[in-house]
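Student: Could you give me a close look at how the helices pack against each other here? Once that's clear, I'd like to see what sits around it.

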Amino acid sequence: MSSIDLKSFRSAFQGQVFEPADAGYNEARQIWNASVSKRPSMIARCSGVADVIAAIHFARANNLVTAIRAGGHNVGGRALCDDGLVIDLSRMRAVFVDDAARRVRVQGGATLGDIDRETHVFGLAVPCGIVPKTGIGGLTLGGGVGWLIRKYGMSIDNLLSAQVVTAEGKVLTANTTENQDLFWALRGGGGNFGVITSFEFQAHPVATVLGGLLLYPRAMAIDVIRHFRDYMESAPDELTAYAALLHGPDGSPLVGVIPCYCGNIAEGERVLQPLRKFGSPILDGIQAMPFPVMQSLLAPSFPDGNQNYWKSTLQRELSNDAISAIVEHANGLQSPLSFVVLEYYGGAAGRVSSTATAFPHRHLPWDILFLAQWTDPAQTKMHRDWARSGEDVLRPFSENAHLLSALDVEGEDVIKTAFGGNLPRLAATKKKYDPTNFFRVNHNINPGVLVGTA
Ligand SMILES: Cc1cc2nc3c(=O)[nH]c(=O)nc-3n(C[C@H](O)[C@H](O)[C@H](O)COP(=O)(O)OP(=O)(O)OC[C@H]3O[C@@H](n4cnc5c(N)ncnc54)[C@H](O)[C@@H]3O)c2cc1C
(Lines give C-alpha, C1' and ligand atoms only; values in the text may rest on other atoms or scores of the structure.)
Protein backbone atom coordinates (compact mmCIF):
# COMPACT_ATOMS: atom_id res chain seq x y z
CA MET A 1 0.00 0.00 0.00
CA SER A 2 1.43 3.40 -0.92
CA SER A 3 1.74 5.91 1.89
CA ILE A 4 -0.88 8.60 2.40
CA ASP A 5 0.56 11.78 3.81
CA LEU A 6 -1.02 13.50 6.73
CA LYS A 7 -1.84 16.65 4.78
CA SER A 8 -3.91 14.88 2.15
CA PHE A 9 -5.62 12.73 4.81
CA ARG A 10 -6.57 15.80 6.86
CA SER A 11 -7.83 17.72 3.84
CA ALA A 12 -10.07 14.88 2.61
CA PHE A 13 -11.41 13.96 6.08
CA GLN A 14 -14.83 15.51 6.82
CA GLY A 15 -14.84 14.98 10.59
CA GLN A 16 -12.27 16.21 13.11
CA VAL A 17 -8.68 15.08 13.44
CA PHE A 18 -6.89 15.55 16.77
CA GLU A 19 -3.14 15.23 17.21
CA PRO A 20 -1.41 15.82 20.56
CA ALA A 21 -0.70 19.47 19.81
CA ASP A 22 -4.28 20.22 18.70
CA ALA A 23 -6.83 22.03 20.83
CA GLY A 24 -9.36 19.48 22.06
CA TYR A 25 -6.93 16.53 21.98
CA ASN A 26 -7.02 15.97 25.75
CA GLU A 27 -10.83 16.05 25.86
CA ALA A 28 -10.98 13.72 22.86
CA ARG A 29 -8.90 11.09 24.66
CA GLN A 30 -11.07 11.05 27.80
CA ILE A 31 -13.19 7.97 28.30
CA TRP A 32 -15.53 6.88 31.09
CA ASN A 33 -12.85 5.15 33.19
CA ALA A 34 -10.34 7.73 34.45
CA SER A 35 -7.95 4.89 35.39
CA VAL A 36 -7.15 4.66 31.68
CA SER A 37 -4.78 7.28 30.29
CA LYS A 38 -3.60 6.49 26.78
CA ARG A 39 -2.07 8.92 24.29
CA PRO A 40 -2.91 8.07 20.69
CA SER A 41 -0.88 9.82 18.01
CA MET A 42 -4.13 10.65 16.23
CA ILE A 43 -7.85 10.61 16.94
CA ALA A 44 -9.97 10.59 13.76
CA ARG A 45 -13.48 11.59 14.77
CA CYS A 46 -15.46 10.37 11.79
CA SER A 47 -18.50 12.08 10.26
CA GLY A 48 -19.66 9.00 8.35
CA VAL A 49 -18.75 5.81 6.52
CA ALA A 50 -16.43 7.58 4.05
CA ASP A 51 -14.35 8.94 6.94
CA VAL A 52 -14.13 5.48 8.51
CA ILE A 53 -12.81 4.07 5.22
CA ALA A 54 -10.33 6.95 4.89
CA ALA A 55 -9.08 6.40 8.46
CA ILE A 56 -8.56 2.67 7.85
CA HIS A 57 -6.61 3.35 4.65
CA PHE A 58 -4.49 5.98 6.40
CA ALA A 59 -3.74 3.69 9.36
CA ARG A 60 -2.79 0.79 7.11
CA ALA A 61 -0.65 2.90 4.80
CA ASN A 62 1.24 4.24 7.80
CA ASN A 63 1.31 1.01 9.78
CA LEU A 64 -0.54 2.45 12.76
CA VAL A 65 -2.04 0.38 15.55
CA THR A 66 -5.77 1.17 15.40
CA ALA A 67 -8.46 1.29 18.08
CA ILE A 68 -12.21 1.83 17.67
CA ARG A 69 -14.05 4.14 20.03
CA ALA A 70 -17.84 4.27 20.25
CA GLY A 71 -19.38 5.08 23.66
CA GLY A 72 -15.98 4.93 25.41
CA HIS A 73 -17.41 2.74 28.20
CA ASN A 74 -15.20 -0.32 27.91
CA VAL A 75 -13.77 -0.58 31.43
CA GLY A 76 -10.41 -1.83 30.16
CA GLY A 77 -9.99 1.24 27.92
CA ARG A 78 -10.10 -0.66 24.63
CA ALA A 79 -11.52 2.47 22.95
CA LEU A 80 -8.01 3.96 22.96
CA CYS A 81 -4.45 2.98 22.10
CA ASP A 82 -1.06 4.47 22.82
CA ASP A 83 0.71 6.02 19.82
CA GLY A 84 -1.62 4.69 17.11
CA LEU A 85 -4.85 5.91 15.54
CA VAL A 86 -8.30 5.94 17.12
CA ILE A 87 -11.30 5.62 14.83
CA ASP A 88 -13.70 7.69 16.90
CA LEU A 89 -17.41 7.12 16.17
CA SER A 90 -18.68 9.43 18.90
CA ARG A 91 -20.21 11.84 16.38
CA MET A 92 -21.97 9.05 14.46
CA ARG A 93 -24.99 8.73 16.74
CA ALA A 94 -28.06 9.04 14.50
CA VAL A 95 -31.07 6.82 15.21
CA PHE A 96 -33.83 6.12 12.66
CA VAL A 97 -37.04 4.39 13.74
CA ASP A 98 -39.31 2.58 11.29
CA ASP A 99 -42.28 2.36 13.65
CA ALA A 100 -44.51 0.35 11.30
CA ALA A 101 -41.91 -2.41 10.95
CA ARG A 102 -40.61 -1.87 14.51
CA ARG A 103 -37.10 -1.70 13.12
CA VAL A 104 -34.45 0.72 14.35
CA ARG A 105 -31.24 1.62 12.52
CA VAL A 106 -28.54 3.26 14.62
CA GLN A 107 -25.10 4.53 13.73
CA GLY A 108 -22.15 2.73 15.29
CA GLY A 109 -21.36 5.46 17.83
CA ALA A 110 -24.89 5.84 19.27
CA THR A 111 -25.40 5.55 23.00
CA LEU A 112 -28.22 3.65 24.69
CA GLY A 113 -29.69 7.02 25.72
CA ASP A 114 -29.78 8.14 22.06
CA ILE A 115 -31.72 5.00 21.15
CA ASP A 116 -34.17 5.08 24.08
CA ARG A 117 -34.97 8.74 23.39
CA GLU A 118 -35.96 8.12 19.77
CA THR A 119 -37.69 4.77 20.18
CA HIS A 120 -39.77 6.01 23.14
CA VAL A 121 -41.44 8.52 20.81
CA PHE A 122 -43.09 5.51 19.14
CA GLY A 123 -43.69 3.47 22.32
CA LEU A 124 -40.88 1.10 21.35
CA ALA A 125 -37.62 -0.08 22.91
CA VAL A 126 -34.54 -2.03 21.80
CA PRO A 127 -33.17 -4.51 24.39
CA CYS A 128 -29.81 -3.12 25.52
CA GLY A 129 -28.02 -2.17 28.76
CA ILE A 130 -28.96 -0.16 31.83
CA VAL A 131 -26.76 2.98 31.78
CA PRO A 132 -27.62 5.55 29.08
CA LYS A 133 -24.12 6.76 28.17
CA THR A 134 -22.91 3.24 27.32
CA GLY A 135 -22.27 2.77 23.59
CA ILE A 136 -24.49 0.40 21.64
CA GLY A 137 -21.36 -0.58 19.64
CA GLY A 138 -19.29 -2.30 22.31
CA LEU A 139 -22.38 -3.44 24.19
CA THR A 140 -23.90 -5.27 21.22
CA LEU A 141 -20.65 -6.85 20.07
CA GLY A 142 -20.26 -8.29 23.58
CA GLY A 143 -23.85 -9.60 23.74
CA GLY A 144 -25.86 -6.88 25.47
CA VAL A 145 -27.75 -7.59 28.70
CA GLY A 146 -30.34 -5.34 30.32
CA TRP A 147 -33.84 -4.85 31.70
CA LEU A 148 -35.58 -6.51 28.72
CA ILE A 149 -33.33 -9.58 28.52
CA ARG A 150 -35.77 -12.13 29.95
CA LYS A 151 -38.69 -10.96 27.84
CA TYR A 152 -36.94 -10.17 24.54
CA GLY A 153 -33.42 -11.60 24.81
CA MET A 154 -29.98 -10.03 24.56
CA SER A 155 -29.19 -7.15 22.18
CA ILE A 156 -27.64 -9.68 19.78
CA ASP A 157 -30.88 -11.67 19.72
CA ASN A 158 -32.56 -8.55 18.33
CA LEU A 159 -29.86 -7.60 15.83
CA LEU A 160 -31.21 -7.87 12.29
CA SER A 161 -28.34 -6.52 10.25
CA ALA A 162 -25.05 -4.65 10.47
CA GLN A 163 -23.08 -2.51 8.06
CA VAL A 164 -19.39 -3.32 8.46
CA VAL A 165 -16.26 -1.64 7.10
CA THR A 166 -13.58 -4.31 6.87
CA ALA A 167 -9.83 -4.04 7.41
CA GLU A 168 -9.51 -3.59 3.64
CA GLY A 169 -11.89 -0.66 3.70
CA LYS A 170 -14.73 -2.56 2.01
CA VAL A 171 -18.33 -2.01 3.07
CA LEU A 172 -20.28 -5.22 3.75
CA THR A 173 -23.75 -6.01 4.99
CA ALA A 174 -24.00 -8.84 7.50
CA ASN A 175 -27.35 -10.45 8.21
CA THR A 176 -29.10 -13.81 7.83
CA THR A 177 -28.80 -13.75 4.03
CA GLU A 178 -25.53 -11.88 3.37
CA ASN A 179 -22.19 -12.75 4.97
CA GLN A 180 -23.91 -15.04 7.47
CA ASP A 181 -20.60 -16.14 9.03
CA LEU A 182 -19.72 -12.55 9.81
CA PHE A 183 -23.22 -11.90 11.18
CA TRP A 184 -22.84 -14.90 13.50
CA ALA A 185 -19.43 -13.69 14.72
CA LEU A 186 -20.53 -10.11 15.37
CA ARG A 187 -23.11 -11.39 17.84
CA GLY A 188 -20.71 -11.92 20.75
CA GLY A 189 -17.28 -11.85 19.09
CA GLY A 190 -16.38 -8.27 20.07
CA GLY A 191 -14.75 -5.64 17.87
CA ASN A 192 -12.58 -8.11 15.98
CA PHE A 193 -14.11 -8.09 12.52
CA GLY A 194 -14.44 -4.51 11.31
CA VAL A 195 -15.96 -1.15 12.13
CA ILE A 196 -19.73 -1.43 12.49
CA THR A 197 -20.98 1.81 11.01
CA SER A 198 -24.63 0.95 11.64
CA PHE A 199 -26.73 -1.68 13.38
CA GLU A 200 -30.35 -2.54 12.64
CA PHE A 201 -32.43 -3.89 15.53
CA GLN A 202 -35.87 -5.33 16.10
CA ALA A 203 -37.71 -3.09 18.56
CA HIS A 204 -40.61 -4.07 20.83
CA PRO A 205 -43.62 -2.29 22.27
CA VAL A 206 -42.33 -1.10 25.66
CA ALA A 207 -43.48 2.33 26.84
CA THR A 208 -44.17 2.10 30.59
CA VAL A 209 -42.60 -0.38 32.98
CA LEU A 210 -42.99 -1.12 36.68
CA GLY A 211 -39.65 -0.76 38.38
CA GLY A 212 -37.47 0.96 40.94
CA LEU A 213 -35.40 0.25 43.98
CA LEU A 214 -36.08 -1.78 47.14
CA LEU A 215 -33.53 -1.09 49.89
CA TYR A 216 -32.77 -2.94 53.13
CA PRO A 217 -30.08 -2.62 55.82
CA ARG A 218 -26.95 -4.62 55.01
CA ALA A 219 -27.58 -6.85 58.03
CA MET A 220 -30.43 -8.43 56.02
CA ALA A 221 -28.25 -9.10 52.97
CA ILE A 222 -28.10 -12.90 53.17
CA ASP A 223 -31.86 -13.30 53.66
CA VAL A 224 -32.72 -10.72 50.98
CA ILE A 225 -30.43 -12.28 48.39
CA ARG A 226 -31.59 -15.84 49.10
CA HIS A 227 -35.19 -14.74 48.71
CA PHE A 228 -34.33 -12.80 45.53
CA ARG A 229 -32.68 -15.92 44.09
CA ASP A 230 -35.59 -18.24 44.88
CA TYR A 231 -38.11 -15.73 43.59
CA MET A 232 -36.27 -15.00 40.32
CA GLU A 233 -35.72 -18.64 39.44
CA SER A 234 -39.50 -18.99 38.94
CA ALA A 235 -40.31 -15.44 37.82
CA PRO A 236 -42.12 -14.74 34.53
CA ASP A 237 -40.12 -13.52 31.54
CA GLU A 238 -41.66 -10.05 31.88
CA LEU A 239 -39.55 -9.56 35.00
CA THR A 240 -35.83 -8.91 35.02
CA ALA A 241 -34.25 -7.96 38.35
CA TYR A 242 -30.79 -7.49 39.80
CA ALA A 243 -29.62 -7.36 43.43
CA ALA A 244 -26.77 -5.19 44.69
CA LEU A 245 -24.65 -4.64 47.77
CA LEU A 246 -24.16 -0.91 47.93
CA HIS A 247 -23.95 2.15 50.18
CA GLY A 248 -26.52 4.86 50.79
CA PRO A 249 -25.73 8.56 50.31
CA ASP A 250 -24.77 8.77 54.01
CA GLY A 251 -22.34 5.88 53.61
CA SER A 252 -24.52 3.27 55.33
CA PRO A 253 -24.14 -0.24 53.92
CA LEU A 254 -27.29 -1.52 52.24
CA VAL A 255 -28.61 -4.33 50.11
CA GLY A 256 -30.95 -3.54 47.24
CA VAL A 257 -33.16 -5.27 44.68
CA ILE A 258 -34.01 -3.53 41.41
CA PRO A 259 -36.82 -5.10 39.40
CA CYS A 260 -38.11 -4.03 35.99
CA TYR A 261 -41.43 -5.56 34.91
CA CYS A 262 -42.33 -4.97 31.27
CA GLY A 263 -45.91 -6.02 30.63
CA ASN A 264 -49.36 -5.25 31.93
CA ILE A 265 -48.82 -2.96 34.92
CA ALA A 266 -51.69 -4.38 37.04
CA GLU A 267 -50.32 -7.87 36.50
CA GLY A 268 -46.85 -6.56 37.36
CA GLU A 269 -48.16 -5.21 40.66
CA ARG A 270 -49.36 -8.74 41.50
CA VAL A 271 -46.13 -10.38 40.34
CA LEU A 272 -43.96 -8.04 42.41
CA GLN A 273 -45.92 -8.48 45.66
CA PRO A 274 -43.74 -11.30 47.07
CA LEU A 275 -40.61 -9.22 46.48
CA ARG A 276 -42.06 -6.07 48.02
CA LYS A 277 -43.59 -7.86 51.00
CA PHE A 278 -40.38 -9.63 51.95
CA GLY A 279 -38.82 -8.22 55.14
CA SER A 280 -39.34 -4.56 55.84
CA PRO A 281 -37.60 -2.52 53.17
CA ILE A 282 -36.40 0.88 54.34
CA LEU A 283 -37.28 2.17 50.88
CA ASP A 284 -39.78 0.87 48.34
CA GLY A 285 -39.38 3.10 45.27
CA ILE A 286 -41.19 0.78 42.87
CA GLN A 287 -43.62 2.58 40.61
CA ALA A 288 -44.82 2.70 37.00
CA MET A 289 -42.47 4.84 34.94
CA PRO A 290 -41.56 5.57 31.30
CA PHE A 291 -38.94 3.07 30.13
CA PRO A 292 -36.25 5.77 29.57
CA VAL A 293 -36.65 6.79 33.24
CA MET A 294 -36.02 3.18 34.30
CA GLN A 295 -33.00 3.18 31.99
CA SER A 296 -31.50 6.20 33.72
CA LEU A 297 -32.14 5.22 37.36
CA LEU A 298 -28.62 3.89 37.86
CA ALA A 299 -26.76 6.51 35.79
CA PRO A 300 -25.72 8.65 38.80
CA SER A 301 -23.95 5.62 40.28
CA PHE A 302 -21.60 5.36 37.26
CA PRO A 303 -20.39 8.91 36.55
CA ASP A 304 -17.67 9.77 34.07
CA GLY A 305 -14.24 10.42 35.47
CA ASN A 306 -13.97 8.09 38.50
CA GLN A 307 -11.37 5.35 38.81
CA ASN A 308 -12.81 1.92 38.02
CA TYR A 309 -11.77 -1.71 38.02
CA TRP A 310 -14.05 -4.70 37.39
CA LYS A 311 -14.04 -8.42 38.00
CA SER A 312 -16.98 -10.67 37.33
CA THR A 313 -17.94 -14.26 36.87
CA LEU A 314 -20.85 -16.13 35.30
CA GLN A 315 -22.45 -18.95 37.29
CA ARG A 316 -25.00 -21.66 36.71
CA GLU A 317 -26.37 -21.44 40.25
CA LEU A 318 -26.19 -19.19 43.26
CA SER A 319 -25.76 -21.47 46.28
CA ASN A 320 -26.26 -20.42 49.90
CA ASP A 321 -22.52 -20.77 50.45
CA ALA A 322 -21.80 -18.51 47.47
CA ILE A 323 -24.23 -15.90 48.82
CA SER A 324 -22.53 -15.96 52.23
CA ALA A 325 -19.11 -15.57 50.59
CA ILE A 326 -20.30 -12.66 48.42
CA VAL A 327 -21.86 -10.80 51.34
CA GLU A 328 -18.80 -11.31 53.52
CA HIS A 329 -16.59 -9.96 50.75
CA ALA A 330 -18.90 -6.99 50.16
CA ASN A 331 -18.78 -6.15 53.85
CA GLY A 332 -15.01 -5.68 53.47
CA LEU A 333 -15.16 -3.18 50.64
CA GLN A 334 -13.20 0.00 51.12
CA SER A 335 -15.03 2.51 48.94
CA PRO A 336 -18.66 3.60 49.35
CA LEU A 337 -18.74 4.05 45.55
CA SER A 338 -18.04 0.37 44.87
CA PHE A 339 -20.72 -2.28 44.37
CA VAL A 340 -21.31 -5.95 44.14
CA VAL A 341 -24.09 -6.64 41.63
CA LEU A 342 -25.89 -9.97 41.20
CA GLU A 343 -27.56 -10.09 37.77
CA TYR A 344 -29.97 -12.85 36.80
CA TYR A 345 -30.60 -13.45 33.08
CA GLY A 346 -32.26 -16.60 31.66
CA GLY A 347 -35.75 -16.20 30.19
CA ALA A 348 -35.76 -15.60 26.43
CA ALA A 349 -31.96 -15.17 26.39
CA GLY A 350 -31.50 -18.55 28.06
CA ARG A 351 -33.58 -20.40 25.47
CA VAL A 352 -31.24 -19.55 22.56
CA SER A 353 -28.71 -22.25 21.71
CA SER A 354 -25.11 -21.57 22.72
CA THR A 355 -23.99 -21.94 19.09
CA ALA A 356 -26.77 -19.89 17.43
CA THR A 357 -24.68 -16.75 17.98
CA ALA A 358 -21.07 -16.28 19.05
CA PHE A 359 -22.19 -15.73 22.67
CA PRO A 360 -21.72 -19.16 24.28
CA HIS A 361 -22.94 -18.78 27.87
CA ARG A 362 -26.73 -19.09 27.54
CA HIS A 363 -26.86 -21.73 30.28
CA LEU A 364 -25.15 -19.57 32.94
CA PRO A 365 -27.82 -17.13 34.11
CA TRP A 366 -26.03 -15.58 37.12
CA ASP A 367 -23.44 -12.86 36.63
CA ILE A 368 -21.72 -11.68 39.82
CA LEU A 369 -19.87 -8.41 39.35
CA PHE A 370 -17.36 -6.78 41.70
CA LEU A 371 -17.35 -3.17 40.51
CA ALA A 372 -14.64 -1.20 42.31
CA GLN A 373 -14.99 2.56 41.98
CA TRP A 374 -12.97 5.26 43.76
CA THR A 375 -11.68 8.78 43.22
CA ASP A 376 -8.09 8.92 44.49
CA PRO A 377 -5.63 7.31 42.04
CA ALA A 378 -3.23 6.74 44.96
CA GLN A 379 -5.67 4.12 46.31
CA THR A 380 -5.72 2.08 43.12
CA LYS A 381 -4.00 -1.01 44.47
CA MET A 382 -6.32 -1.37 47.44
CA HIS A 383 -9.49 -1.20 45.32
CA ARG A 384 -8.19 -3.45 42.57
CA ASP A 385 -7.13 -5.99 45.17
CA TRP A 386 -10.65 -5.96 46.61
CA ALA A 387 -12.23 -6.71 43.21
CA ARG A 388 -9.62 -9.37 42.40
CA SER A 389 -10.09 -11.14 45.70
CA GLY A 390 -13.86 -11.10 45.11
CA GLU A 391 -13.30 -13.23 42.04
CA ASP A 392 -11.00 -15.51 44.08
CA VAL A 393 -13.67 -15.93 46.75
CA LEU A 394 -16.14 -17.09 44.09
CA ARG A 395 -13.76 -19.47 42.33
CA PRO A 396 -15.05 -22.61 44.12
CA PHE A 397 -18.57 -21.84 42.83
CA SER A 398 -17.65 -20.52 39.43
CA GLU A 399 -17.78 -22.01 35.93
CA ASN A 400 -14.66 -20.05 34.84
CA ALA A 401 -16.78 -18.18 32.30
CA HIS A 402 -17.07 -14.45 31.74
CA LEU A 403 -19.24 -11.90 29.99
CA LEU A 404 -17.03 -10.29 27.34
CA SER A 405 -18.38 -6.78 27.97
CA ALA A 406 -17.49 -6.88 31.65
CA LEU A 407 -13.82 -7.85 31.18
CA ASP A 408 -11.24 -5.35 32.37
CA VAL A 409 -7.65 -5.71 31.12
CA GLU A 410 -7.09 -9.48 31.09
CA GLY A 411 -4.76 -12.03 29.57
CA GLU A 412 -5.42 -14.57 26.85
CA ASP A 413 -6.59 -17.29 29.26
CA VAL A 414 -9.42 -15.18 30.66
CA ILE A 415 -10.49 -13.71 27.32
CA LYS A 416 -10.79 -17.25 25.95
CA THR A 417 -13.36 -18.07 28.63
CA ALA A 418 -15.69 -15.40 27.26
CA PHE A 419 -15.77 -17.13 23.85
CA GLY A 420 -15.96 -20.66 25.26
CA GLY A 421 -16.61 -23.41 22.73
CA ASN A 422 -17.27 -20.87 19.97
CA LEU A 423 -13.61 -19.81 19.81
CA PRO A 424 -12.49 -22.05 16.89
CA ARG A 425 -15.35 -20.82 14.68
CA LEU A 426 -14.61 -17.22 15.69
CA ALA A 427 -10.92 -17.66 14.85
CA ALA A 428 -11.86 -19.01 11.40
CA THR A 429 -14.13 -16.04 10.78
CA LYS A 430 -11.42 -13.65 11.95
CA LYS A 431 -8.98 -15.27 9.53
CA LYS A 432 -11.43 -14.72 6.66
CA TYR A 433 -12.33 -11.09 7.39
CA ASP A 434 -9.19 -9.73 9.13
CA PRO A 435 -6.29 -12.07 8.30
CA THR A 436 -3.59 -9.56 9.33
CA ASN A 437 -5.27 -8.83 12.69
CA PHE A 438 -5.55 -5.14 11.84
CA PHE A 439 -8.33 -4.84 14.46
CA ARG A 440 -6.47 -6.00 17.54
CA VAL A 441 -7.08 -3.39 20.25
CA ASN A 442 -9.99 -5.40 21.58
CA HIS A 443 -10.74 -8.77 23.19
CA ASN A 444 -8.49 -10.10 20.55
CA ILE A 445 -9.02 -13.20 18.46
CA ASN A 446 -5.79 -13.58 16.58
CA PRO A 447 -6.44 -15.25 13.20
CA GLY A 448 -4.41 -18.22 14.44
CA VAL A 449 -3.85 -17.77 18.13
CA LEU A 450 -5.79 -15.87 20.75
CA VAL A 451 -3.87 -13.01 22.37
CA GLY A 452 -5.09 -10.83 25.21
CA THR A 453 -4.47 -7.13 24.70
CA ALA A 454 -5.13 -4.09 26.79
C1 LIG B 1 -21.31 2.20 33.46
C2 LIG B 1 -21.38 0.99 32.58
C3 LIG B 1 -22.56 0.27 32.51
C4 LIG B 1 -22.65 -0.87 31.70
N5 LIG B 1 -23.82 -1.56 31.65
C6 LIG B 1 -23.94 -2.62 30.82
C7 LIG B 1 -25.17 -3.30 30.69
O8 LIG B 1 -26.16 -2.98 31.34
N9 LIG B 1 -25.23 -4.35 29.82
C10 LIG B 1 -24.15 -4.75 29.08
O11 LIG B 1 -24.28 -5.69 28.28
N12 LIG B 1 -22.96 -4.12 29.20
C13 LIG B 1 -22.84 -3.07 30.05
N14 LIG B 1 -21.64 -2.45 30.17
C15 LIG B 1 -20.47 -2.99 29.48
C16 LIG B 1 -20.41 -2.41 28.08
O17 LIG B 1 -21.31 -3.11 27.25
C18 LIG B 1 -19.02 -2.54 27.50
O19 LIG B 1 -18.13 -1.82 28.33
C20 LIG B 1 -18.93 -2.02 26.08
O21 LIG B 1 -17.64 -2.28 25.59
C22 LIG B 1 -19.20 -0.55 26.00
O23 LIG B 1 -19.37 -0.17 24.67
P24 LIG B 1 -18.85 1.25 24.16
O25 LIG B 1 -19.22 1.37 22.75
O26 LIG B 1 -19.30 2.30 25.12
O27 LIG B 1 -17.30 1.02 24.37
P28 LIG B 1 -15.97 1.57 23.70
O29 LIG B 1 -15.03 1.64 24.85
O30 LIG B 1 -16.18 2.77 22.88
O31 LIG B 1 -15.60 0.38 22.75
C32 LIG B 1 -15.14 -0.83 23.29
C33 LIG B 1 -14.72 -1.77 22.20
O34 LIG B 1 -15.87 -2.22 21.51
C35 LIG B 1 -15.60 -2.34 20.13
N36 LIG B 1 -16.51 -1.46 19.39
C37 LIG B 1 -17.35 -0.54 19.91
N38 LIG B 1 -18.10 -0.01 18.94
C39 LIG B 1 -17.72 -0.59 17.78
C40 LIG B 1 -18.14 -0.47 16.44
N41 LIG B 1 -19.13 0.37 16.09
N42 LIG B 1 -17.53 -1.22 15.51
C43 LIG B 1 -16.55 -2.09 15.86
N44 LIG B 1 -16.12 -2.25 17.12
C45 LIG B 1 -16.70 -1.51 18.07
C46 LIG B 1 -14.15 -2.01 19.94
O47 LIG B 1 -13.41 -3.20 20.01
C48 LIG B 1 -13.84 -1.17 21.14
O49 LIG B 1 -12.51 -1.27 21.51
C50 LIG B 1 -21.53 -1.29 30.95
C51 LIG B 1 -20.34 -0.56 31.02
C52 LIG B 1 -20.27 0.55 31.83
C53 LIG B 1 -18.99 1.30 31.93
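Tutor: Let's settle one term before anything else: a crossing is right-handed if the near helix is turned clockwise from the far one by less than a right angle, and left-handed if it is turned anticlockwise. Keep in mind too that this is a predicted model.

Now find helix H8, residues 221–232, and look at how it meets H11. H8 passes H11 in a right-handed crossing. Their axes come within 10 Å and cross at roughly 135 degrees. An angle has to be over 145 degrees to count as roughly antiparallel, and H8 and H11 are therefore oblique to each other. On the H8 side you'll want to pick out Ala221, Ile222, Ile225 and Arg226, and these meet Asn320, Ile323, Ser324 and Val327 in H11. Sorted by class, the residues of this H8 and H11 contact come out as 5 nonpolar, 2 polar and 1 charged.

Stay on helix H11, which spans residues 320–331, and turn to helix H13, residues 380–394. The axes of H11 and H13 also get within 10 Å, and here the crossing angle is roughly 165 degrees. That is over the 145 cut-off, so H11 and H13 are roughly antiparallel to each other. H11 passes H13 in a right-handed crossing. What touches what? From H11 the contact uses Ala322, Ala325 and His329, and from H13 it uses Gly390, Val393 and Leu394. The class count for the contact of H11 with H13 is 4 nonpolar, 2 polar and no charged residues.

Zooming out, the chain is split into domain 1 (6–88), domain 2 (95–206) and domain 3 (208–406). The C-alpha centres of domain 2 and domain 3 are 24 Å apart. Between them, 30 residues of domain 2 are in contact with 29 of domain 3. On the domain 2 side, two or more residues come from each of helix H4 (112–120), H5, helix H6 (149–152) and helix H7 (180–186). That side of domain 2 carries 16 nonpolar, 8 polar and 6 charged residues.

Altogether 36 residues surround the ligand, and the closest are Gly71, Gly135, Gly137, Gly138 and Gly191. By class the shell holds 16 nonpolar, 18 polar and 2 charged residues. Domain 1 and domain 2 each contribute at least three residues to this shell.

Terms used
Residues numbered from 1 in each chain as written. Predicted model: local features only at pLDDT ≥ 70, side-chain atom pairs only at ≥ 80, totals over all residues. Near = placed C-beta within 6 Å. Nonpolar A, V, L, I, M, F, W, Y, C, P; charged D, E, K, R; others polar. Domains from an automatic or database assignment. Axes fitted to C-alpha atoms, helices over the stretch in contact; angles between N-to-C directions. Helix = DSSP H or I, 4+ residues; strand = E, 2+ residues; numbered from the N terminus. Parallel < 35°, antiparallel > 145°, perpendicular 65-115°, else oblique. Contact = placed C-beta atoms within 7 Å.
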